[in-house]
Amino acid sequence: MCGIVGYVGEKNCIPILINGLKRLEYRGYDSAGIGFFSLGSTHVIKSKGKVSLLEEKLNSHVYESHLGIGHTRWATHGVPNEVNAHPHFNSNNNLLIIHNGIIENYQTLKTSLKNMGYSFISETDSEVIAHLIDSFLKKGNELLKSVRLALSEVEGTYGLAVIYEKEPDKIIAARKGSPLVLGIGEGENFIASDVSAILAHTNQVVYMEDGEIVEVFKDKFITRTIHDEEIQKEVHEISLSLDEIDKGGYSHFMLKEIIEQPDSVTNSMRGRLLLDDGNAKLGGLDNVLERLSNCKRIIISACGTSWHAGLVGEYMFEQYAHIPTEVEYASEFRYRSPIIYPDDAIFFISQSGETADTLAAMKEAKTKGALALGICNVVGSSIARESMSGVYTHAGPEIGVASTKAFTSQLVVLALITLLLARKRGMKLDEGKCIAEHLSKIPEQITKILELNSQIEFIASEFQDAKNFLYLGRGFNFPVALEGALKLKEISYIHAEGYPAAEMKHGPIALIDENMPAVFIAPKDSTYDKIISNIQEVKARKGRIIAIASESDSEIDHLVDYTIKIPDTTSMLMPLLTVIPLQLLAYHIAVKKGLNVDQPRNLAKSVTVE
Ligand code: F6R
């Protein structure tokens, strides 16, 4: 999604803005631009495509500037091109804005601004903000007041930054529904939509909240509400290091993050898994544990991969904690007037903690009196801060657009919550110990699966030209089938569907022929015999089959074309293992097709628009 970076200080801002934009590339974008003051006038350089193209354009000029803003745009209103890229000017070409989010009433505002004589050059919703602010400046207001008045007319979401030639010592930034953070330096200050853009310069940050506006000078910042009340903000020190957001020698972030999983899942359970007690300790849930363990129903709400983790969570909570559980797409949850009771507990799962649909659903749940809990990866993110309590997944920064290690860490956290609730609601010590024991072995088992990388790469080469794929699994592995299919379609653009294996005969079986590969997730668990029958059904129709199977299973080799053997664990933890080969399979197919794995077309890392 769109990214924002801004700088005011003694240094030349141009390289700072360009490097900041490069750090934001992982979010997904299709054009980029920077705007700055130099030699008494305002400059804007924009480019369609990658930040490197913008950088090339800049190479033919020598600019020196001490205040500027930069943006990566993920197109919503208007095609990706230079005109629609940000920053956008006012009509006097002396005020610039960059904007993340969507202005929902932009058509109405545009019409009234046109009636006032303003003309528009882009197709974007964002350009209206520049002219709207300008209309208040023309009435004699200062910049801050003009921005406040403009924002009071705007409906929708924004992370906004504004600079104005006549007040050249400051950036004004504001937030509503789109993340915004200040970076505090020595004689220099920054703004960004994501700390990774400014981490090279400072680890002192201030998180802006919805309805807040800030004037950022080189040596101070002043925060207010949009209604002009001055507010004091806390400065946080973030522990993230630059190394954690680098590729570390791997060809892609996605591969690095797949390989990192033994460590990331270890970090998710560190200090939380109590082997001797067969239990879990989750400090973030301590203050709500009574209410949570007595709730009548759990709802899990999320999007995409996090929603798939939620489906696994549903199976875990019902089978072990015996609490009725439902899983909802966050985007549907909010708009279907859900019936929510005060004794419901709702977990909102989000890697980024910024997904607009999930954040909105959480706010809705809170207004209806439910216990709203977060499971987030990004510390200090909007969903983490909005939740009443919650658990961080501690997977470390995930930069590859296709989520991998965040998913396995979400599963670990869900398993820990299951253990905690189940033990509180009557699970015997021995059973708790058995699950805890299995969980503690997961990191070394993932390491073992990662050793199959070259075998999986070979299988990928056999299937790279397939046009469609089916992924089939049962029980705990049904959500893994959905996740495997999502990984493949996201980065390889091959059409793939995930199904519960038994559903195949109710429709999808019509698709099976020699051109339709099927991936079966078939470890030796209680559904094994049934899944073998489903494999036979596909084989009888000449479908080519890849099976993810238990290492103890030697019979399956005769039934399928390729097997990837994984270690055994208890069924509720199986998804932590079965998903690893599917991540690698998708990765290798996409690489073999020559695609941009880390920044797949049309996708954004954190989806901050609804
Ligand atoms: C898939 C993927 C997306 C995200 C979804 C939710 O690989 O990354 O489907 O899972 O956009 O994002 P978060 O978890 O950040 O709320």
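**Close-up views of a predicted model**

View 1. Leu54 is buried, with a relative accessible area of 0%; buried means under 20% relative accessible area, computed with a 1.4 Å probe on protein chains only. This is a predicted model, in which local features need pLDDT of at least 70 and side-chain atom pairs count only at pLDDT 80 or more, while totals for chains, interfaces and linings use all residues. Residues are numbered from 1 along each chain as its sequence is written, and side-chain values use heavy atoms, with hydrogens and water left out. Leu54 belongs to helix H2; helices (H or I, at least four residues) and strands (E, at least two) are DSSP runs, numbered from the N terminus. Leaving aside neighbours within four places in sequence, Leu54 is in contact (heavy atoms within 4.5 Å) with residues including Ile18, Leu21, Ile34 and Ile45. The C-alpha atoms of Leu54 and Ile34 are separated by 8.6 Å, and the two residues are 20 apart along the chain.

View 2. Helix H2 (residues 51-59) lies across strands E2 (31-38), E3 and E4 (67-73), and runs at about 135 degrees to E3. Axes are lines fitted to C-alpha atoms, for helices over the stretch in contact, and angles run from 0 to 180 degrees between N-to-C directions. The open sheet has eight strands in the order E3-E2-E4-E1-E10-E9-E11-E15, with antiparallel pairing; two strands pair if DSSP finds at least two bridges between them. Its edge strands, each pairing on one side only, are E3 (41-48) and E15 (236-237). Within this sheet, E1 (residues 3-9) and E10 (residues 188-192) are joined by five bridges in the antiparallel sense, and Val8 has Asn189 in E10 as its bridge partner.

**View 3. The enclosed strand E26.** Six of the six residues of strand E26 (residues 545-550) are buried, so E26 is largely enclosed by the rest of the structure. Strand E25 (residues 518-522) runs parallel to E26 and is joined to it by five bridges, with Ala518 opposite Ile545. Five bridges also join E26 to the parallel strand E27 (residues 562-566), where Lys565 is the bridge partner of Ala549.

**View 4. The kink in helix H14.** In H14, a kink of about 40 degrees lies at Ile442, shortly before the proline Pro443. The bend at a residue is the angle between axes fitted to the seven residues ending there and the seven starting there. The buried residues of H14 include Ile435, Leu439, Ile442 and Pro443.

Note on methods
Buried < 20%, exposed > 50% of the residue type's maximum accessible area, 1.4 Å probe, protein only.
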